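Colleague: I'd like to learn how to read a model like this one. Could you take me through it feature by feature?

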Amino acid sequence: MSVHWIMPSGCAKALQAGSPARLCLTGFCRILTVFPARRAGCAQRLWHIYLDTSAIGGGMARQAADPKAAELAASRTLNRHPEAVTDEDFAAAEFFDARDLVQVKYEMVRKAGVGGAGVSAAAAAFGFSRQSYYTAAAALEAGGLAALVPARPGPRGGHKLTDEVLAWAEEQLTADPALRAKDLAGPLQAQFGVAVHPRSIEKGLARYRDRSKRPGPPPG
């Protein structure tokens, strides 16, 4: 049975043979042959289903064919929620790309740091929480743009805090008394390429110091 009879005038031409949308609507048409009284009421609804399906399918195809999106994904810098970026600069200029996670985080920190925006406002405009802002700001200050690149997937927390890493962290704290363990998240990522929560650093250093006090050779 043809799907053309349920489409508004001229719209059926948009359906391509074998497309997911056409197959979906064809299935509905077969159901409607059993319940002919429902044909008129379902016609417009089915057309909206087609439009939604086409929009989703087209968007996925464009993303898959976009070389920049592929490169961003390969480098772990693809922003998974570009729609959450509502900053006016990103909406007004092509230079800004909401898909570029590093650019988004950098602009968020810049807006709050020198742009005059508050932390809460800046974080919200770029789709992040206040904590995410502070983490990005610390990483940027300690390691520059490279520190904004997410770490590779793998063991987290204590698994990454080897004695070598903890010894280096302890040296930084000794050299700068104003520095706190929670401030080392960015420097650790820049130095060793590990992403560790600030609280994990505090716990790891506490264990490291405890082992250092025990009889025997020092850790590391």
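Modeller: Let's start at Gly186. This is a predicted model, and in it Gly186 is in contact with Ala138, Ala139 and Ala142, once neighbours within four places in sequence are left aside.

Colleague: Which helix holds Gly186? And is Gly186 buried or exposed?

Modeller: Gly186 sits in helix α9, residues 185-192. Its relative accessibility is 2%, so Gly186 counts as buried, the cut-off being under 20%. For a sense of the fold there, take Gly186 and Gly143: they are 43 residues apart along the chain, yet 6.4 Å separates their C-alpha atoms.

Colleague: What are the other buried residues of α9, and what do they pack against?

Modeller: Along with Gly186, the buried residues of α9 are Ala185, Pro187, Leu188 and Gln189. The buried residues of α9 pack against α7, α8 (163-175) and α10 (198-213).

Colleague: What comes after α9?

Modeller: Gly193 follows α9, and its phi is positive, near 70 degrees.

Colleague: How should I read a positive phi in general?

Modeller: Most residues other than glycine have a negative phi. Here a non-glycine case is Arg76, with a positive phi near 65 degrees. Arg76 lies in the loop between α3 (67-74) and α4 (88-92), and with a relative accessible area of 26% it is partly exposed.

Colleague: Now helix pairs. How do I describe two that pack together?

Modeller: Two packed helices are described by the angle between their axes and the distance between the axes. Take α5 and α7: their axes come within 9 Å and cross at roughly 95 degrees. That makes α5 roughly perpendicular to α7.

Colleague: Which residues of α5 and α7 meet?

Modeller: From α5 you have Lys105, Tyr106, Met108, Val109, Ala112 and Gly113. They meet Ser132, Tyr133, Ala136, Ala137 and Leu140 in α7. Sorted by class, the contact of α5 with α7 has eight nonpolar, two polar and one charged residues.

Colleague: What about the nonpolar cores? Which residues of the largest one touch the most other members?

Modeller: The largest nonpolar core has 21 residues, and those touching the most other members are Val85, Phe90, Met108, Val109, Phe126, Tyr133 and Leu148. The elements giving two or more residues to this core are α5 (101-113), α6 (119-125) and α7 (130-143). Apart from it lies another core, of 15 residues, among them Leu161, Val165, Ala169 and Val196.

Colleague: Pick a couple of members of the largest core. What does Leu148 contact?

Modeller: Setting aside neighbours within four places in sequence, Leu148 is in contact with Val102, Lys105, Tyr106, Ala136, Ala139 and Leu140. Then there's Phe126, in the loop between α6 and α7. Phe126 counts as buried, at 2% relative accessibility.

Colleague: Where is Ala84, and what does Ala84 contact?

Modeller: Ala84 is in the loop between α3 and α4. It is partly exposed, with a relative accessible area of 29%. Neighbours within four places aside, Ala84 is in contact with Ala124, Ala125, Phe126 and Gly127. The C-alpha atoms of Ala84 and Gly127 are separated by 4.7 Å, although the two are 43 residues apart along the chain.

Technical notes. Residues are numbered from 1 along each chain as its sequence is written. This is a predicted model: local features need pLDDT of at least 70, side-chain atom pairs count only at pLDDT 80 or more; totals for chains, interfaces and linings use all residues. Side-chain values use heavy atoms; hydrogens and water are left out. A nonpolar core is a set of buried Ala, Val, Leu, Ile, Met, Phe, Trp, Tyr and Cys residues joined through side-chain atoms within 4.5 Å. Buried means under 20% relative accessible area, exposed over 50%, partly exposed in between (1.4 Å probe, protein chains only). Helices (H or I, at least four residues) and strands (E, at least two) are DSSP runs, numbered from the N terminus. Contact means heavy atoms within 4.5 Å. Axes are lines fitted to C-alpha atoms, for helices over the stretch in contact, and angles run from 0 to 180 degrees between N-to-C directions. Angles under 35 degrees count as roughly parallel, over 145 as roughly antiparallel, 65 to 115 as roughly perpendicular and the rest as oblique. Ala, Val, Leu, Ile, Met, Phe, Trp, Tyr, Cys and Pro count as nonpolar, Asp, Glu, Lys and Arg as charged, and the others, Gly among them, as polar.
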